[in-house]
Every structure is written in C-alpha cells, then in structure tokens.
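Please look over the sequence and the structure shown here before reading on.

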Amino acid sequence: MMTGKRQITTMCPMNCIPTQCGMTIEVEDNKLVSLKGDVNNPDSRGFLCIRGQATPEIFENPKRLLHPMRRVGERGEDRWEACSWDDAYKMIVDAIEQTQPERVGLWRGHGTGTTGPAGNTLVSRFGMLGGFQQWNTAIVCWAMGGYGLGLTGTLKTSTKEDMASNARTIILWGATFASQPDLAPHLIAARKRGAYVIHIDTHRTEASRHADDVFLLPPGTDAALALALAHVIVQENLYDQSFIDSFTLGFAQFAAHVQQYTPEWAATITGIEPERIRALARRYAADSPAMIVLGGSSIFKHQHGWEPARAISCLPALTGQLGIAGGGLGPRHGASSESTGYADVLADISRKMPDAAAIPSHMTSITESFTHGQLDVLLVFGSNMLSMFADANELARGLAQVKLIVSYDLFMNATSRRFADLVLPSTAWLEDIGLKQTATHIYLMEHALTPEGECRSLVTLLRELAQRLNIANVFPWRDEEDYVNAFLAAQKTETGAPLTVDILREHGGYWQRNNLSHVAYQERHFATPSTKVEFWSERAQQAGLSPLPSYTAPEKNEYPLRFSQGRTLTAFHSFFDEGQALPTLARVNTGPQLWIHPQDAQQRQITHGMPIVIANDRGHFEAMASVSEDILPGVVWMRDGWVGVNRVTSGAPIVSLTANDVVPGIPGGQAAYDAWVDVRRKEPEGDTPS
Ligand code: SF4
C-alpha cells in the first residue's frame, strides 16, 4: 500500500441508480482522512447527501465485523466466537457437499452493489456454475415498476439533462429526491426555464416543495388516476393519432376500454376532484413536451403493484411523447438510458441447474421453499432479509428451517443476529476496485485502502469457495482489475479499442457512455413482441393478466388505516444495520416513525412524538407517531428498512408463477408490502412487540 497523502476520485457506495454521486477522498497511511463531494462529477456536481457524508464512519467503526465468527449456543442468542477463514470455508464447503446443489441458495442485497456490478455478477456466476438457487433481488425493490413498463414496452428513460433542457411539463409521479437527489438541480433549472412541475404521491415530500401543483392520493390508486387521465385524453381527442397509427398496438381496444374510467369514477378512488383530473390530463397532453418521472420502487410495492406502471406507461404513447426531447419517461431507479452500458460477463456460461429444480424469483415461492424445508444452505451477501422481505413472520419461520445460514456483511444485522450460523466480514467500497454507472456515465472506483482486520472481498470469498468446491470458470480473470476491465469491454475508445481501467484513469475516472442519447426511443423501436408500444398485450393475456391496463381495488379488511412504506433521504433500505451502525445516520434515524394525519391521531388520542403500536392480525411493532398534514387521512406511512415493518405486511404474491417471467429479465415476483393496520398509543406495559 502506498504511503503519503493521496487524493482519489471515487463514487459513493450507495445505490441511488441512475443518478449517484461522486466523491473526492484523501487517504494517508491507509486511512481515509477526508471526503467531500466531487465538484467535477458531471452527475452530482459536488453534492453528497447525509448518507454519503456518513460513509467514512464505516472505517475504524467498533461495530464493524473484522473477523469471521461462528455461532455459539442457540440461534438467536447472538453469541459468537472468532474462527479462521479456513474454518469458515470448511463449514460452508462441508455443508454444500453434504447436500444437492439445488438445496443451496444465494441471496444478495444492495450490499454487494456498493462497488457496482462486480459483486452481484460474480454471485450470479458462482450460482450458475455451481447449480445453486439464486434470485433476482429487484423483487424487493423496483421489479413491479419494470414489469408494468416492460409489458407496454417503455423501459428506457430519457435523462435528467433532457428534462432540464426541454420538458415543458414535468410530472413527478411517486418520484422523490430521497432516491434521486441529483435530479433536484435539474428540476430547478427546468422550472427557471418555465417548466410546470406536478407532484403526484401518497404524501408530501421534498419534491412537493419544488412543484407548482401537488396531487395526494391513497397508496395503490395511481393506476385509477392514470386510467382516468387516459379517458380524458381519448374523450377530448387530445391523443396523437399519427404516433398511435405508426407505433402502437391495440389503440381501438384501449380507447373503448378507458371509456369506463371517468374522472368521476377516479375521484371516488383517489379523492382527487374530477375537474382537477381533467385539467391535469389537458395540461399533460397539450403543454408538451411533457415528461413523467416515475418513482422507482414504493409506488409499486402493493398488492396490485404492476398496474400503476402499466397504466402510466400508456400515457406517453397516447400523446405521442415517446422519442421526443423533453417527453416520454424520465430517470427512474432500475431503468436504463439509451446508451451502451457494461459488457455481459455472464454471456460465456449457462446455468447448470435444470429449470424444473429452480425456485423462481418470486418472493412468496422463495419464502415457501424455506418453510417447506427445500433449502439446506443459504449464503446471504450484503442483505438484511428480515427487513427486506414482505411477511417477515413467515420468512423467519422459513429461515429457522435452513440448516446453515451464512451472512457476509460489514455489520451484524437483525437477520444475522437471529439466524446466522457463520458471519463473514466484508470489505468496504474503498477496499475494492469497482465501477458505478449512471444514465450518462461510467465511473471508476479505485482500490484505495487495504482492508481492515480480516475483511475479504466478495471476489476472494467466491474464488476460494469455487476452488474448494471444484467449480471451474467462476473467475477466469487475472485479478480484480482484469475482472473490472471485462465490464468495460463494451465501451469503445476513439481507436476502437475497448475501454480499460487504465484508460479510465487517464480520463480522471469519468467516461461518457458510448452511443448516449439523452432522449429515449428516437428510433421508435420498442422491446415488445410487436416492436410497438402495446396498449393491448397478448403476453399479459396469455399469462392470465388483463391484456389492457387495469386498476384493481385493494381488498379491504377490518383494519381502518392503509399502511405503506418508502424512502427518506437519511436511509437506504436497511443499510448499515438499519442505519444504526453509523453514528451520523443513527442520530437522525432514532427509530421507526409513522406518519399519521392529525384527524386519525386525534381519534386515537395520539400526539406527535408519542410511542405507538402499529398492529393487525399478522403482528405488531412499535414506533413513534409523526403527526402530519403531509399525509392523507386514512393513510399511514413509514420509511422502509426497519426490521419490524414487515411483520404486518402480507407477502401475498402480486402476480402468479405463470405470469412471473412474462417480461424478459424482470421478474414479477414481488410480494405485497402494503397492509391495513390500526394504530394505538403504547401503554406502559403489555405492548412488547413479538
Ligand atoms: S444521493 Fe446520497 S446516498 Fe445516494 S449516491 Fe448520492 S451521496 Fe450517495
């Protein structure tokens, strides 16, 4: 390791795709001595949110895992003893060799993406070549948005730069700055230019302050609003006949279908007055180009979570907004821009496991596979599963059946404390080499520090396991830099040679993606069987779903409050032991807080800051009341990532197994994260959470 003070340009380890922020760090004597936002980063221009600013606290943190540890005593006692890496490898290898490959599962969380694609992809390679179960983790996050958009054929997005320069109307639909803070300056620029901004969400957020108009609606009703907008656009002949004739499929059926979805009908569901819905539709259609910036995750995490994206994605096609500057769909978590990205480093291998043995990326099926005793070994990489899976009660019952659970992470978390048999210390982002990709650029993340303690990289861990299990070809590269070069191979330099880490260094660590167009779909070629935007989807129909965009009302039960969860600027899922391992984040995340409207609070004699219990027939958990007019009566909302949250969520499948794989690469396997609950004051005794 080099000595002397060095300044290095890198990226924040969090995964706020597709924006993400650059960092300038100084290291000296293998220590991180300073960190600030990189003012030259073309995406973030010096910005770092509190999560990024807190990341130095990973290092020299007394809570950080520094040595492999195995469980002592019973699961859940949280008692551990240090062991060697060799002992740890032996435990894993012995357990795998004593069972069949299909009884071994790999689950990875956002924690393996802190240095970009390298970790995630190697877990996939290891799983494919080993014949192990592994799952697409988009099902805890953005999958249902992608699924609905994919059915229509509008997965690609235009960039924030295009929005700033060209959009006249901007609809932030479930999109928050908590997920994409780097959007904010571009939104401000657009408004200065005269763009009109509308925010649609279940509650007021920072985004509302930058909007000219705000529409609040209950969780899970976005599809009803979108269908009513389509109704008005069709009814008032505001659609683009020429675009529809050339580039869409099924308009006649769609136009007939939306006749039933009047603004009056939508008003009874959303609470938004019919005239406001009409005015919104007229503005969207007439004051163009109009861009919809769709939320990445929370808006889709309910029982019928694919329906909003499916319905909303028809609006740009209806009005001919796709393929034009300032129109279409704007940056969204999980979306890709119109450009070349990384090379596919899985292309040279195929999955060893027969299809019949594979447990699909379908959350309910995964949980069932645990509860039915189908898994003997579970390797968990960078994830706190109990906080991320809906219906955590059932998941916990399932995890108890798995014979060996291994957690590879920076810190202990609720899942590892309760269920792991072996805990392995992972490297942090400055201790590995990696890449980050935004909609417009690829950035180098340099290896800047020697790992603390006995922390080992994911590459090292998987190479060691592959070697001991005799799984060939898991890591056919010379070293980690050579592996990173493999991702860069799809980018060509001016001479036609592939981009490499060395060339990226020569460019200061920044690289504008090849073939970048800030405007998506200029070719008007869409990724559907017909290559057109599909108002009518044959694929959906064959899978037992409505072939036309639909709205399904949530099933009501005896609990009066509609519960949903989402993101704040101070947390990212359950990263860093629910934020508690980093002092800066722990100070601002003092515990679960439930947003509740004053009317609902008053009925229950609840005041702001009061300890409360959130409960339904599935379970209960404690929180503090945050009484606010920023949320609608009858709705309660909380930041996701707290381990107790999913004690009350149902985990019911959103689509069936038949419909799971209709959209290539995007599983429909998310489970329902919403719930009906009631809330009460926490009495001094007798309300201890289960
Ligand atoms: S918004 Fe915050 S957490 Fe996300 S990449 Fe930027 S600094 Fe990191």
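In this predicted model, helix α4 has the buried residues A143, M144, G145, G146, Y147, G148, L149, G150, L151 and T152. Which elements do the buried residues of α4 pack against? They pack against β13 (290-294), α12 (306-312), α13 (314-318), β21 (533-534) and α21 (538-542). Just after α4 comes G153, which takes a positive phi of about 100 degrees.

| Domain | Residues |
|---|---|
| domain 1 | 69-134 + 341-438 + 441-512 |
| domain 2 | 143-338 + 535-542 |
| domain 3 | 561-681 |

Domain 1 and domain 2 have C-alpha centres that lie 36 Å apart.

The secondary structure of the chain consists of 24 helices and 27 strands. The radius of gyration is 25 Å, close to the 26 Å that the globule rule gives for 690 residues, so the chain is as compact as a globular protein of that length.

Of its 690 residues, 58% count as buried. Contacts between residues at least 6 apart in sequence join residues at least 24 apart in 76% of cases.

In soluble globular proteins, nonpolar side chains tend to be buried together. In this chain, the largest nonpolar core has 219 residues, and within this core I170 and L229 touch the most other members. Helix α7, residues 222-235, gives the most to this core, with 11 residues. What is L229 in contact with, leaving aside its neighbours within four places in sequence? L229 is in contact with I277, L280, A281, Y284 and L315.

The last topic is the ligand. Around the ligand are C12, M14, C16, Q20, C21, L48, C49, R51, G52 and P181. By class, this shell has seven nonpolar, two polar and one charged residues.

Key. Residues are numbered from 1 along each chain as its sequence is written. This is a predicted model: local features need pLDDT of at least 70, side-chain atom pairs count only at pLDDT 80 or more; totals for chains, interfaces and linings use all residues. Domain bounds come from an automatic or database domain assignment. Helices (H or I, at least four residues) and strands (E, at least two) are DSSP runs, numbered from the N terminus. The radius of gyration is taken over C-alpha atoms; the globule rule is 2.2 Å times the number of residues to the power 0.38. A residue is buried if 20 or more other C-beta atoms lie within 10 Å of its own, exposed if 12 or fewer, and partly exposed in between; C-beta atoms are placed from the backbone. Two residues are in contact if their C-beta atoms, placed from the backbone, lie within 7 Å. A nonpolar core is a set of buried Ala, Val, Leu, Ile, Met, Phe, Trp, Tyr and Cys residues joined through C-beta atoms within 7 Å. A residue is near a molecule or strand if its C-beta atom, placed from the backbone, lies within 6 Å of it. Ala, Val, Leu, Ile, Met, Phe, Trp, Tyr, Cys and Pro count as nonpolar, Asp, Glu, Lys and Arg as charged, and the others, Gly among them, as polar.
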